[in-house]
Amino acid sequence: MFTRMIAVLAILLAGTMPALAKRVALVIGNGAYEHTIPLPNPSNDAEKMAAKLRSLGFEVVAGQDQTYTDMRRSVMDFAKKAYGAEIALLFYAGHGMQVGGQNLLVPIDARIEDETSLDFETISVDFIMRQMSKDVKVQMVFLDACRDNPLARTLARRMGPSRSGSLGTGLAEIKVEETGGEGSVIAFATSPGDVALDGEGQNSPFTSALIRHIDTPNASIQTVMTRVTGDVYDATEKRQRPWVNASLIGEVFLNKQAAPAAAGTEVAALGNTATSTPVPNQAVTNAATAAAATAQPNLDWEREKLIWEAAKSSDTVADYESYLSAYPNGTFADFARNSIKRLQGGAQVAAVNPAATAPANAAPGAAAGAAVTTLPNPQAAIPGTAETEAALGWNRTARREIQTRLNLTGNNVGRPDGAFGPKTRAGIVAWQTANGLVPTGFFTASQQLLLTNQTATQYSAYIAEIKRKQQTTSASRSTTTRRNSQPQRANNTQRRNGGGVNPAGAAFIGGVVGGIIGGAIGR
């Protein structure tokens with residue numbers, strides 16, 4: 001019975017992960033320009049990209065051949081929908097320009113007659129990215145806007161030689177800034193300062209490659225962009241190389257799928273090929289063990305959790321043993337072994353309070369707390385309340401850690417600030433619900449321990465990255481301090497030597513001053 005239950009749960013679970021995340025995209029393609037050379041492909045680029053993103057579960061705000069007013073309205077609509085999203089994505093195809101290091105997107109009705117036009121007829125990329133940073137975990141920006149732009153040349157002539165130097169070719173590099181989420185991916189159709197090709201087909205080389213690879217099953221966005229870069233470089237005969245700036249604390253998948261258990265599991269490869277690992281024709285529990293070694297970590301965790309919940313609900317020795325046969329070193333392995341001991345010995349082995357004494361009917365010779373595992377038994381855990389959370393004695397630093405770990409589990413609570421407001425409480429409820437706990441929005445000691453174990457690897461990587469940034473900042477400040485101290489030492493030396501005046505000069509000045517004062521006294 002339990003074996004069949006595992007098979008059903010695994011089938012139901014497959015393919016459900018991508019639908020859980022809120023994904024929002026802004027897709028704009030401008031080609032029908034009224035006051036400069038039109039572009040044939042951006043409208044097609046935007047149409048195909050919007051369709052592709054919808055197939056990946058994105059809520060898409062799309063626009064083609066938009067005026068300045070249209071673009072402002074689209075950005076506003078996108079900003080409202082993107083608030084609190086797991087992934088917020090911007091795709092733009094059309095004319096763009098950089099002025100003074102700032103990237104500007106050009107609506108179809110722009111004239112760009114002078115510098116004043118820049119503020120009232122273009123949309124800044126920085127402005128759009130600010131709308132993508134509000135409680136968004138991952139930001140993605142794809143700009144196919146590096147085409148040769150006659151409007152930029154017109155503006156350069158009217159700016160004059162002294163100021164036209166601030167008008168660059170192509171787009172300017174965008175620095176990735178810390179937003180409190182899991183990071184950003186910024187991609188240009190070509191390198192900063194270079195001009196991209198519009199393409200001879202219905203789509204540009206960059207957009208064609210992006211559409212071809214972005215929905216590759218179980219390929220991280222880092223892998224996708226590596227393949228896109230290679231395709232564009234080859235398609236343009238090495239004249240165009242896309243530029244990607246990514247800062248992510250982990251891999252991000254836009255099309256995560258479960259590999260078929262019976263046919264084999266696809267193993268990710270660096271190139272375009274993939275190997276296949278056959279799965280032995282064994283019992284379903286052994287197949288689950290084999291799948292655990294190759295399936296994607298999130299899917300594997302969800303499957304194990306469902307199997308554990310099924311065993312916990314039946315609360316029989318046979319079902320706990322079935323879980324252990326599938327996951328001998330699983331997250332709940334100690335729980336299962338303790339439950340088996342409890343059922344076989346008629347005693348509750350695990351306890352919520354590690355300091356609790358052994359039950360009266362425990363095995364002879366058991367010391368107080370000797371049978372208690374380092375992880376509490378979920379069945380013995382009580383619902384969290386304000387009192388149970390207060391008893392943990394968290395300071396602000398500890399609360400920031402909890403918020404960080406919740407973010408790492410995929411439950412976005414915003415930038416860790418140590419204050420448990422409504423967004424943090426909602427994240428706790430979501431995490432408790434996902435783990436089969438009573439969703440109260442408050443922690444217990446056992447729940448804190450479970451969260452800590454779930455995020456051990458991700459949190460270690462997060463802390464390592466923070467320390468690296470701190471060391472870099474500290475080294476930079478140390479260098480600046482040494483440079484600033486050199487003029488100070490020189491000034492001190494001058495003051496000790498009378499401000500730089502030699503002794504003979506000082507004596508001469510002293511004599512003159514003394515004579516003046518003496519004459520004044522004599523009169």
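Visitor: How many bridges join strand S1 to S3, and do they run parallel or antiparallel?

Guide: Start with the terms. Strands (E, at least two residues) and helices (H or I, at least four) are DSSP runs, numbered from the N terminus. Two strands pair if DSSP finds at least two bridges between them. Here, 7 bridges join S1 (residues 23-29) to S3, and the two run parallel. Arg23 stands opposite Ile87 in S3. Gly29 has Ala93 in S3 as its bridge partner.

Visitor: What kind of model is this?

Guide: The model is predicted: local features need pLDDT of at least 70, side-chain atom pairs count only at pLDDT 80 or more, and totals for chains, interfaces and linings use all residues. Residues are numbered from 1 along each chain as its sequence is written, and side-chain values use heavy atoms, with hydrogens and water left out.

Visitor: What is the order of the strands in the open sheet?

Guide: The sheet has 6 strands, in the order S2-S1-S3-S7-S9-S10, with mixed pairing. Its edge strands are S2 (58-64) and S10 (243-248), each pairing on one side only. Neighbouring strands are turned by 5° against each other on average, direction ignored.

Visitor: Which helix packs on the sheet and touches S1, S2 and S3?

Guide: Contact means heavy atoms within 4.5 Å. Axes are lines fitted to C-alpha atoms, for helices over the stretch in contact, and angles run from 0 to 180 degrees between N-to-C directions. Helix H3 (residues 68-82) touches S1, S2 and S3, and its direction makes about 170° with that of S1. Helix H7 (residues 205-213) also packs on the sheet, touching S3, S7 and S9 (183-188). The direction of H7 makes about 140° with that of S7.

Visitor: Why is S3 largely enclosed by the rest of the structure?

Guide: Buried means under 20% relative accessible area, exposed over 50%, and partly exposed in between (1.4 Å probe, protein chains only). In S3 (residues 87-93), 7 of the 7 residues are buried, so the strand is largely enclosed. Look at both faces. Ile87, Leu89, Phe91 and Ala93 are buried on one side, and Ala88, Leu90 and Tyr92 on the other. For the chain of 523 residues, 42% count as buried.

Visitor: How many aromatic pairs does a search of the whole structure find?

Guide: Rings of Phe, Tyr and Trp (its six-membered ring) pair if their centres lie within 6.5 Å; planes under 30 degrees apart count as stacked, over 60 as edge-to-face and the rest as tilted. The search finds 8 pairs. Take Trp394 and Phe420: their ring centres are 6.1 Å apart and their planes at 65°, so the pair is edge-to-face. The pair links distant parts of the chain, 26 residues apart. Trp394 is buried at 13% relative accessible area, and Phe420 is buried at 14%. Elsewhere, Tyr323, Tyr327, Phe332 and Phe335 form one aromatic cluster.

Visitor: Where does the charged end of Arg405 sit?

Guide: A charge sits over a ring if NZ of Lys or CZ of Arg is within 6 Å of the ring centre and within 35 degrees of the ring normal. The charged end of Arg405 sits over the ring of Tyr459, 4.0 Å from its centre. Arg241 has its charged end over the ring of Tyr233, 4.4 Å from the centre.
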